[in-house]
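Keep the structure open while you read and look up each spot as it comes along.

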Amino acid sequence: MSSTVITNIATLVTNDPSLGDSSPLGLIQDAAVVIDGDRVVWTGESSKAPATDNRVDAGGRAVLPGFVDSHSHLVFAGDRTQEFNARMSGRAYSAGGIRTTVAATRAASDGELEANLTRYLDEALRQGTTTFETKSGYGLTVADESRALRIAAAHTDEVTYLGAHIVAPDFADDPAGYVSLVTGEMLDACAPHARWIDVFCEKGAFDGDQARAILTAGRAKGLHPRIHANQLSYGPGVQLAVELDAASADHCTHLTDADVDALANGGTVATLLPGAEFSTRAQWPDARRLLDAGATVALSTDCNPGSSFTSSVPFCIALAVRDMGMTPDEAVWSATAGGAAALRRDDVGRLVPGARADLTLLDAPSHVHLAYRPGVPLVAGVWRRGVRVVGPAPESALKAP
C-alpha cells in the first residue's frame, strides 16, 4: 500500500467541525487530504500536509465525502415508462404499480437482474455515490426475494429485506396469509443475506399492526428495522419507527406535530426522497420543519423504476434546496453524513482520520455548486476505499518529490 495526498483543494468538506470551521460541514479552505490504503489518515491546510508517496493536484476544486445513498430499489427487471407517461398526463401515483415490476422481475434470470443492478450502481458511482443501500421487494415469493438479496449482497453490505413491499398478487385475497409468509418461511430464507428489514406502511400496502408484526419478526432474526413511512398519507409509520428504534423512517411527507417531535427526540433518521415527489408531482416533504425541530435528516434517491427513476444524489440535493427548504450546506450534509446516520455508520460520510477513503472531487470550487448548477455533471473524480474509480487512472498521480 502507498500513501497519497490530494492537495490544492479549494474547499474540503469533512463533516467534522473540530477539523475545520465551526459549521456542521467542518470546511477547510486551501486544503489537503491524505489517504493511506483504504483510509483517510490526515486532513488540514495544504501547506501543512505531510510527505506521501504520491500527490494529486485537485486544481482548486472542491472535495467532499462520497455520497451515501441509504434508500434504493435496484434489484428489478422491466420498465414503467408507460406508467410514468400516463401519470405525467394526469393519473395519480399509487402503490399498485409495483405489481408491474414484480411480474418482470420474477420472469428475469439471475444474470439479467445482476446486470441491471451493476448498471445502476456504475451510474451512481459516476455521480459520486460510494455507499449505497438496496432492497428486495420486487419478487414477493420466497425464491425471488432470497435471490434478490443474494445478488445485492455481492455488491453491498447494506442489504434490506423488503418482502413487505406490497401484498403479493398471489395473496390478494389473503393478506394475513402473506404477512405470515413474510414473517415465516420468507424471512428464514432471506435473513442470512440481509442486514435490514423494511416494510411499506401505507394505505394499499401494510397497516400499522401488520408493519409492527413484520418488523418485530425481523428484529428477532437479527435484522434491524427501517420503514417506508407517511409517504402518501398520514399514518402510524413514523411513530412505529421511533418506538422500534428503526434506523430510518423514509419519505416522511405527511407528518403531524407529534411525528416531528418523535423524530426530533428519538434515534430514528428522517430520510427524505425528493426524487419521488418530483416524479409523482406529489407534495414535497418539509425538511425545514424537521431540521428546525432538531431531527436528523438524510437525503437519498429512492432509485426505483416506478416512482423515482434517478440514481443522481446531486439532483436530489438540488431539489431539496429548491423545493424543501434546505440550505446547500444542509443538503450536502444530509446526502453524506445524514445518509451514514441512516445506516448507522460512522466510517463513511465523513473525511476524518480513520474513515473510509471515499471522496468525490467536483469540477467546481465549492460544494454549493451542486445546487447552484443543477443538472450539470460536476463530478470530476471519485475515490472508493482509497482507489480512484472515476476520473484519470490512478497512475496519473504525480510522484511526490
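Predicted model: local features only at pLDDT ≥ 70, side-chain atom pairs only at ≥ 80, totals over all residues.

**Strands, helices and a salt bridge**

L362 stands opposite V379 in β15.

**How the strands pair up**

- L362 and V379 face each other where β14 (residues 359-362) pairs with β15 (residues 379-384). These two strands run in the antiparallel sense, and four bridges hold the pairing.
- Go to the other partner of β14 and you reach β4, again in the antiparallel sense, this time over three bridges. To spot this pairing, look for P65, whose bridge partner in β14 is L359.
- β4 (residues 54-65) also pairs with β1 (residues 3-12), and here the strands run parallel, joined by six bridges.
- β15 and β16 form a hairpin with two residues between the strands.

**How the helices pack**

- How do α12 and α13 cross, left-handed or right-handed? The crossing of these two helices is right-handed.
- The axes of α12 (residues 313-323) and α13 (residues 328-342) come within 9 Å and cross at roughly 140°. That angle is why the two helices count as oblique to each other.
- On the α12 side, the residues that meet α13 are V313, I317, A320 and V321, and on the α13 side they are P328, A331, V332 and A335. Sort this contact by class and you get eight nonpolar residues, no polar ones and no charged ones.
- Now try α3 (residues 110-126) and α4 (residues 142-153), whose axes come within 10 Å and cross at roughly 45°. With that angle, α3 is oblique to α4.
- α3 and α4 make a right-handed crossing. α3 brings D110, L113, E114 and L117 to the contact, while α4 brings R147, R150, I151 and A152. By class, that's four nonpolar, no polar and four charged residues.
- What about α5 (residues 175-183) and α7 (residues 208-220): at roughly what angle do their axes cross? They cross at roughly 15°, and the axes come within 9 Å. The two helices are therefore roughly parallel to each other.
- α5 passes α7 in a right-handed crossing. P175, V179, V182 and T183 of α5 make the contact with Q210, A213, I214 and A217 of α7. The class count here is six nonpolar, two polar and no charged residues.

**Salt bridges**

- How many salt bridges does the structure hold? There are 22 of them.
- One to look for is the salt bridge between the side chains of D245 and R344, at 3.0 Å from N to O.
- This pair links distant parts of the chain, with the two residues 99 residues apart. D245 sits in the loop between α8 (237-243) and β11 (248-251), and R344 sits in the loop between α13 and β14.

Notes. Residues numbered from 1 in each chain as written. Heavy atoms only, no water. Axes fitted to C-alpha atoms, helices over the stretch in contact; angles between N-to-C directions. Parallel < 35°, antiparallel > 145°, perpendicular 65-115°, else oblique. Left-handed = near helix turned anticlockwise from the far one by under 90°. Contact = heavy atoms within 4.5 Å. Nonpolar A, V, L, I, M, F, W, Y, C, P; charged D, E, K, R; others polar. Pairing = 2+ DSSP bridges. Salt bridge = Lys/Arg side-chain N within 4 Å of Asp/Glu carboxyl O.
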